[in-house]
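Subject: Structure handover

Hello,

Here is the structure I promised to pass on. Please open it next to this email, and then read on for what turned up in it.

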Amino acid sequence: DNYLYIGNGVYSVQEASKITGIKARTIKRWLLGYQYKDKNKERKSLPILDRIYGLIDTKPAINFSELIEIRFISAFSDRGVSKNTIRLALAKARELFEEPHPFAFSQFKTDGKNIFAKIFQETGDESLLNLSKNQYAIVDVISDKLYSCLDFDEIGRAMRWWPLGREKDVLIDPKRSFGRPIINKIGIPTATLANAVKAEGSTERVADLFEIDVKSVQSAVEYEKQLAA
């Protein structure tokens, strides 16, 4: 099954947490679901994401599209949208777009508001009250901030992510370096450059060693510091 991983990126829960800034425990719950007690009864919260990969070395792993979807799930969750509603939105969007990962699909930007409006009409879900009262709220959640740093392929699927924005050269591309963050111009992982700066004590020295511009090294250091924060 190794062909599944080629060009799609492979991320452990810990790696996804580091890259997205979302707690590993939260991501794991979205991937696997979890048990909890309600009035002394054991209950199960179902997974939110339909992951493509099985377990790798006994641990869950995700691909690039799922990494992008996690960012959207987090944005909805932060605005108080319930897990059940997010699951329902994903299911409706999968059916509408015929895409396994619709939150990583550019069409969701325009159709997502209608999907959530229909869910509110059908279920009266209280977690959507604020969104339904303010027509701009869902647009705010599905914001340009989530989309402007993404490149999409010809059918509208997210294919690259510029985590520091396009003005910086840090890129996450599942077709390069197994989806690890790199400096786009040269393809060197940001972690490699940041570790070299720690060892050498100078961005200028590392730029000379790797024969690249200082700005690229500075971007790598900036990104790795952000991940460590």
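Tyr-36 is partly exposed, at a relative accessible area of 34%. (Buried means under 20% relative accessible area, exposed means over 50%, and partly exposed lies in between, with a 1.4 Å probe and protein chains only.) Before going further, please keep in mind that this is a predicted model, in which local features need pLDDT of at least 70 and side-chain atom pairs count only at pLDDT 80 or more, while totals for chains, interfaces and linings use all residues. Residues are numbered from 1 along each chain as its sequence is written, and side-chain values use heavy atoms, with hydrogens and water left out.

Where does Tyr-36 sit? Its place is in strand S2 (residues 34–38). Helices (H or I, at least four residues) and strands (E, at least two) are DSSP runs, numbered from the N terminus. Leaving aside residues up to four places away in sequence, Tyr-36 touches Lys-41, Glu-42, Arg-43, Lys-44 and Ser-45; contact here means heavy atoms within 4.5 Å.

S2 runs antiparallel to S3, and five bridges join them. Two strands pair if DSSP finds at least two bridges between them. One of the bridges links Tyr-34 to its partner Ser-45 in S3. The hairpin of S2 and S3 has two residues between the strands, and in this hairpin Lys-39 takes a positive phi near 55°.

Strand S1 (residues 11–12) and strand S5 (residues 59–62) pair over two bridges, and Ser-12 stands opposite Ala-61 in S5. Strand S4 (residues 55–56) is also joined to S5 by two bridges, with Pro-60 in S5 as the bridge partner of Leu-55. In the hairpin of S4 and S5, which has two residues between the strands, Asp-57 has a positive phi near 55°.

Strand S9 (residues 182–183) pairs with S10 over two bridges, and Ile-182 has Pro-189 in S10 as its bridge partner.

**Helix H4 and what follows it**

Helix H4 (residues 83–97) has 15 residues. From its first C-alpha to its last it reaches 21 Å, close to the 21 Å expected at 1.5 Å a residue; the expected span is 1.5 Å times one less than the number of residues.

Which residues of H4 are buried? They are Thr-85, Ile-86, Arg-87, Ala-89, Leu-90, Ala-93, Arg-94 and Phe-97. Their cover includes strand S3 (41–45), helix H3 (64–78) and helix H5 (108–123).

Just after H4, Glu-98 takes a positive phi of about 55°. This residue lies in the loop between H4 and H5 and counts as exposed, at 70% relative accessibility. Glu-211 also has a positive phi, near 55°; it lies in the loop between helix H10 (203–210) and H11, and it is exposed, with a relative accessible area of 73%. For context, most residues other than glycine have a negative phi.

**The nonpolar core**

The largest nonpolar core has 55 residues, and Phe-103, Phe-108 and Trp-161 touch the most other members. H3 supplies the largest share of this core, eight residues. A nonpolar core is a set of buried Ala, Val, Leu, Ile, Met, Phe, Trp, Tyr and Cys residues joined through side-chain atoms within 4.5 Å.

**H9 against H11**

Helix H9 (residues 190–200) and helix H11 (residues 214–228) pack at an angle of about 95°, with their axes 8 Å apart. That makes H9 roughly perpendicular to H11, a label for angles of 65 to 115 degrees; under 35 counts as roughly parallel, over 145 as roughly antiparallel, and the rest as oblique. Axes are lines fitted to C-alpha atoms, for helices over the stretch in contact, and angles run from 0 to 180 degrees between N-to-C directions. At this contact, Thr-190, Ala-191, Leu-193, Ala-194 and Val-197 in H9 meet Val-217, Ala-220, Val-221, Tyr-223 and Glu-224 in H11.
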